[in-house]
Amino acid sequence: MTRTLQNKELFQQVVDLLQNARQQVLRTVNSTMVYTYFEIGRIIVEEESL
């Protein structure tokens, strides 16, 4: 295998890892925001019930 081909494969692996990490971060942020908004809504409903 040529050195250039090995470098391209290495760089592609790095790109793939970064893309996967970004996707995981987006999913985590989205889940956290949904949970946060749910809790805010719960607090508001409980306060209105008093």
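What percentage of the 50 residues of the protein count as buried? In this predicted model, the share is 2%, where buried denotes a relative accessible area under 20%, exposed one over 50%, and partly exposed a value in between (1.4 Å probe, protein chains only). Residues are numbered from 1 along each chain as its sequence is written, and side-chain values use heavy atoms, with hydrogens and water left out. Because the model is predicted, local features need pLDDT of at least 70 and side-chain atom pairs count only at pLDDT 80 or more, whereas totals for chains, interfaces and linings use all residues.

The protein contains 1 helix and 0 strands, these being DSSP runs numbered from the N terminus (helices H or I, at least four residues; strands E, at least two). The radius of gyration is 22 Å, well over the 10 Å that the globule rule gives for 50 residues, so the protein is more spread out than a compact globule. This radius is taken over C-alpha atoms, and the rule is 2.2 Å times the number of residues to the power 0.38. Along its principal axes, the C-alpha trace spans about 75 × 10 × 5 Å. The C-alpha atoms of Val-25 and Glu-46, 21 residues apart along the chain, are separated by 31 Å.

The protein exposes about 4,800 Å², of which carbon and sulfur atoms supply 63%; accessible areas come from the Shrake-Rupley method with a 1.4 Å probe, and for residues only the protein chains shown count as cover. A nonpolar patch on the surface is formed by Val-25, Val-29, Met-33, Tyr-37, Ile-40 and Ile-44, with about 550 Å² of accessible area together. Patches consist of residues with over 30% relative accessible area and no salt bridge, like charges being joined within 9 Å and nonpolar side chains (Val, Leu, Ile, Met, Phe, Trp, Tyr) within 5 Å.

The mean positions of the 5 positive and 6 negative charges are 21 Å apart. Lys and Arg count as positive and Asp and Glu as negative, while His and the chain ends are not counted; each charge is placed at NZ of Lys, CZ of Arg, CG of Asp or CD of Glu.

Side chains of opposite charge can pair when their charged atoms come close. A search of the whole structure finds 2 salt bridges, each defined by a side-chain nitrogen of Lys or Arg within 4 Å of a carboxyl oxygen of Asp or Glu. Glu-39 forms one with Arg-42, the closest N and O atoms being 2.6 Å apart. These two residues are 3 residues apart in helix α1 (residues 3-49), and are therefore separated by about one helical turn. Glu-39 is buried, with a relative accessible area of 18%, whereas Arg-42 is partly exposed at 33%.

Arg-42 also forms a salt bridge with Glu-46, for which the closest N and O atoms are 2.9 Å apart. Glu-46 and Arg-42 lie 4 residues apart in helix α1, about one turn of the helix. Glu-46 is partly exposed, at 44% relative accessibility. Through shared partners, salt bridges join Glu-39, Arg-42 and Glu-46 into one network.
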